[in-house]
Amino acid sequence: MEYSPILHNLYAVPSSHVKNKLFVLCIMLSLWVYMIYCCVGYCTTIPTPLISASTTHSGVSESDGEFDNQDSSLGASRDLLNNENELDSRGDDWDEIRGEAKALQGDNAMSGFFNESESKKLPQAIIIGVKKGGTRALLEFLRVHPDIRAVGAEPHFFDRNYDKGLEWYRDLMPKTLEGQLTMEKTPSYFVTKEVPSRIYTMSKHTKLIVVVRDPVTRAISDYTQTRSKKPDIPSFESLAFRNATAASGGGGGAVVDATWSAVQIGMYAKHLERWLQYFPAEQLLFVSGERLISDPSGEMAQVQDFLGLRRVVNDRHFHFNVAKGFPCLKRPEGNSKPHCLGKTKGRTHPNIAGHVVQRLREFYQPYNTKFYQMTGHDFGWD
């Protein structure tokens, strides 16, 4: 058979030099693919800034929603952070949510291969309260930070799902890279008696954030949300007072019903006492819901310092919407229009008589004074 150089090249074993070149080429190709994947994956960890102070689950009133403490009727104010977020109402559906997430992950084998450096961790910081205080706004502001990964929905682990165990809880958390902070928020934690000891058992080093708001405004906001779901509920006055007749008549004998949850939540000093039995004061940060509207960058600076993070979220991220009366988030490096969560401006508060508001202010005054002393900060609600 005649010798053929072509056939010789086809059957010849590649030299070690050629093998080394092919090996290096494969490594470089793999690294190139991995870098592209990391870039894409990093972008997906930064949430699209869709937040406004108008429609988050936990309410913060607009700056012009001041109450008249005289006998005149309290004008209708709009709760610009009172729209319930769909994510906040799914605390009992986590098994279904988790199953859906696992199914999506299983469809992408390459994602699992390249995400070996990510892992799920128990939260190092938790927004524990309060309901209708501005927790949704704060969470969404924080999720802009590249060093924070947070659960969107409220897990309600320490108050409703504790029997499911820490591994169940950990599995709800988003995957994080080394150096990223894992967070969650469930506003009912602050007022639930068993929660402080349970969080302490998980980790005594957990950082705790409480968003507080004028307790009178908060109570009315709470009632407004409930009435939006149950329009036939009794009036605010009949729920807030044990002797509603005296309250409606403006009599001084009206007794505030401290057992009603809408009233009870605003007794901040009483709830804080339980937390201080387990955690030192420096481990809790109290954020003003009012300032989260009027000066979001200022409040965010304190929150980022408390969490030990760079001050990434600043005034460049906020645009005050004059028409709506609250700040919306924007991308500071882009020219895109600022995004605000939700399409509506918020729920309208019912008209509450001035003497009713005044009586509630008198009820809360000693609790507020004690709360100011305990936190070392006067929130100016009186």
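Which residues in α8 meet Val357, Leu360, Arg361, Tyr364 and Asn368 in α15? In this predicted model, Pro215, Val216 and Ala219 are the residues of α8 that do so, where contact means heavy atoms within 4.5 Å. Residues are numbered from 1 along each chain as its sequence is written, and side-chain values use heavy atoms, with hydrogens and water left out. Because the model is predicted, local features need pLDDT of at least 70 and side-chain atom pairs count only at pLDDT 80 or more, while totals for chains, interfaces and linings use all residues.

Helices (H or I, at least four residues) and strands (E, at least two) are DSSP runs, numbered from the N terminus. Two packed helices are described by the angle between their axes and the distance between the axes. The axes are lines fitted to C-alpha atoms, for helices over the stretch in contact, and the angles run from 0 to 180 degrees between N-to-C directions.

Helix α8 (residues 215-229) and helix α15 (residues 354-375) have axes that come within 9 Å and cross at roughly 125°. The two helices are therefore oblique to each other; angles under 35 degrees count as roughly parallel, over 145 as roughly antiparallel, 65 to 115 as roughly perpendicular and the rest as oblique. The contact of α8 with α15 comprises six nonpolar residues, one polar and one charged. In this grouping, Ala, Val, Leu, Ile, Met, Phe, Trp, Tyr, Cys and Pro are nonpolar, Asp, Glu, Lys and Arg are charged, and the others, Gly among them, are polar.

Strands of a sheet pair through backbone hydrogen bonds, either parallel or antiparallel. In this model, five strands form an open sheet in the order β4-β6-β3-β7-β8, with parallel pairing; two strands pair if DSSP finds at least two bridges between them. Its edge strands, β4 (148-150) and β8 (284-288), each pair on one side only, and the twist from one strand to the next averages 25°. Helix α5 packs on this sheet, touching β3, β4, β6, β7 and β8, and its direction makes about 160° with that of β3.

Strand β3 (residues 125-129) is largely enclosed by the rest of the structure, because five of its five residues are buried (under 20% relative accessible area, with exposed over 50% and partly exposed in between, for a 1.4 Å probe and protein chains only). Three bridges link β3 to β6 (residues 181-185), with Ala125 opposite Met183. Four bridges join β3 to β7 (residues 207-212), where Val210 is the partner of Gly129.

Lys185 lies in β6 and is buried, with a relative accessible area of 0%. Its side chain makes polar contacts of 3.0 Å with that of Thr135 and 2.8 Å with that of Glu154. A polar contact is a pair of N or O atoms within 3.5 Å; within protein, one must be able to donate a hydrogen and the other to accept it, and residues adjacent in sequence count only if both atoms are side-chain atoms.
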